[in-house]
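I opened this structure to learn how its chain is put together. My notes follow in the order I looked things up.

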Amino acid sequence: MQASTMAAADSTKMEGFWSNWKCKVMELLYWRNLKQSGLVFGSLLLLLFSLTQFSVVSVMAYLALATLSATISFRVYKSVLQAVQKTDEGHPFKAYLEVEMSLSHDQMQKYAENAQYYINSTLKELRRLFLVQDLVDSLKFAVLMWLLTYLGALFNGLTLLIMVVVSMFSMPVVYEKYQAQIDQYLNLIRTQVNSVVGKIQEKIPGAKRKAE
């Protein structure tokens, strides 16, 4: 009984953590706090642009060196300051060193179960598309892959990542500001796509969904 209660409590904590994490991500993407969003956006772009010029190993090494330079300098500064002022405030990073960072067995199991669910779902969806369980969906997937071949010829992976980051921090704000107009155009596009798909289903044998 006690074990089930503790498991339920851990599950509630995890749900609360993910809910809080999602809220923070949405706040960043919608620029609710300009300083935080600007810092994260700028840091991501700086990291990606650095990767276009240097290898991953070099970028990680430079980041580690920059972080160590900052923390060591601050530690030495605080030690000298305490010696001059004859105070004993302790380690300047004591609060961070005492933060609990280990994951419990239940948390690790929860992460593993989530990863297993997403991997299994992805494999099932790929099997469904490649083995043509639904002809229309497989055709859509083929068109998407065909478009990606052109996209890959124009941009490399890092350029695409930069474009994705810029889109993540710009499109939500644009959509929030012009939601009515964007929804109107999206509905028109959706109507045209559904019309084309309907015509394909009528002309290709076996293209109609079983539900129809």
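**Overall chain**

I began with burial. Of the 212 residues of the protein chain, 10% count as buried. I keep in mind that this is a predicted model.

Next I went through the secondary structure. I found eight helices and zero strands in the protein chain. Read along the sequence, the pattern is α-α-α-α-α-α-α-α.

Then I turned to contacts in the protein chain between residues at least 6 apart in sequence. Of these, 53% join residues at least 24 apart.

**α2 against α7**

I looked up how helix α2 (residues 34–53) sits against helix α7 (residues 157–177). They pack at an angle of about 170 degrees, and their axes are 10 Å apart. Angles over 145 degrees count as roughly antiparallel, so α2 is roughly antiparallel to α7.

Which residues meet here? From α2 I listed S37, V40, F41, L44, L45, L48, F49, L51 and T52. From α7 I listed L158, L161, I162, V165, V166 and F169. I sorted the residues of this contact by type: 13 are nonpolar, two are polar and none is charged.

The spacing of some of these residues made me recall a general point. An α-helix has 3.6 residues a turn, so residues three or four places apart point the same way.

**The annotated spans**

I checked the UniProt record, an unreviewed entry. Its annotation "transmembrane region" covers residues 39–65 and 154–175.

I then compared the model over each span. Residues 39–65 are 93% helix and 0% strand. The end C-alpha atoms of that span are 20 Å apart. Residues 154–175 are 91% helix and 0% strand. Here the end C-alpha atoms lie 27 Å apart.

I tested the length of helix α3 (residues 56–85). At 1.5 Å a residue, its 30 residues should span 44 Å. Its end C-alpha atoms are 43 Å apart, which agrees.

Which residues of α3 are buried? I noted V59, K78 and Q82. What covers the buried residues of α3 includes α2.

I took V59, which lies in α3, for a further look. Its relative accessibility is 6%, so V59 counts as buried. Setting aside residues up to four places away in sequence, V59 touches L47, S50, L51 and F54. I also looked at V59 and L48, which are eleven residues apart in sequence. Their C-alpha atoms are 9.6 Å apart in space.

**Positive phi values**

Is K86 buried or exposed? K86 has a relative accessible area of 77%, so K86 is exposed.

W31 was another entry. W31 sits in the loop between α1 (2–29) and α2. Phi of W31 is near 55 degrees, and W31 is a residue other than glycine. At 24% relative accessibility, W31 counts as partly exposed.

I repeated the length test on helix α5 (residues 105–130). At 1.5 Å a residue, its 26 residues should span 38 Å. The end C-alpha atoms of α5 are 37 Å apart, which agrees. Just after α5, V132 takes a positive phi of about 55 degrees.

S138 has a relative accessible area of 10%, so S138 is buried. What does S138 contact, leaving aside its neighbours within four places in sequence? I found R128, L129, V132 and Q133.

**α7 against α8**

Last, I looked up α7 with helix α8 (residues 179–203). They pack at an angle of about 95 degrees, with axes 5 Å apart. Angles of 65 to 115 degrees count as roughly perpendicular, so α7 is roughly perpendicular to α8.

The contact is made by V174, Y175, E176 and K177 of α7 and by Q179, I182 and D183 of α8. I sorted the residues of this contact too: three are nonpolar, one is polar and three are charged.

Technical notes:
Residues numbered from 1 in each chain as written. Predicted model: local features only at pLDDT ≥ 70, side-chain atom pairs only at ≥ 80, totals over all residues. Heavy atoms only, no water. Axes fitted to C-alpha atoms, helices over the stretch in contact; angles between N-to-C directions. Helix = DSSP H or I, 4+ residues; strand = E, 2+ residues; numbered from the N terminus. Parallel < 35°, antiparallel > 145°, perpendicular 65-115°, else oblique. Contact = heavy atoms within 4.5 Å. Nonpolar A, V, L, I, M, F, W, Y, C, P; charged D, E, K, R; others polar. UniProt positions renumbered as here; feature names shortened; annotations may be inferred. Expected span 1.5 Å × (residues − 1). Buried < 20%, exposed > 50% of the residue type's maximum accessible area, 1.4 Å probe, protein only.
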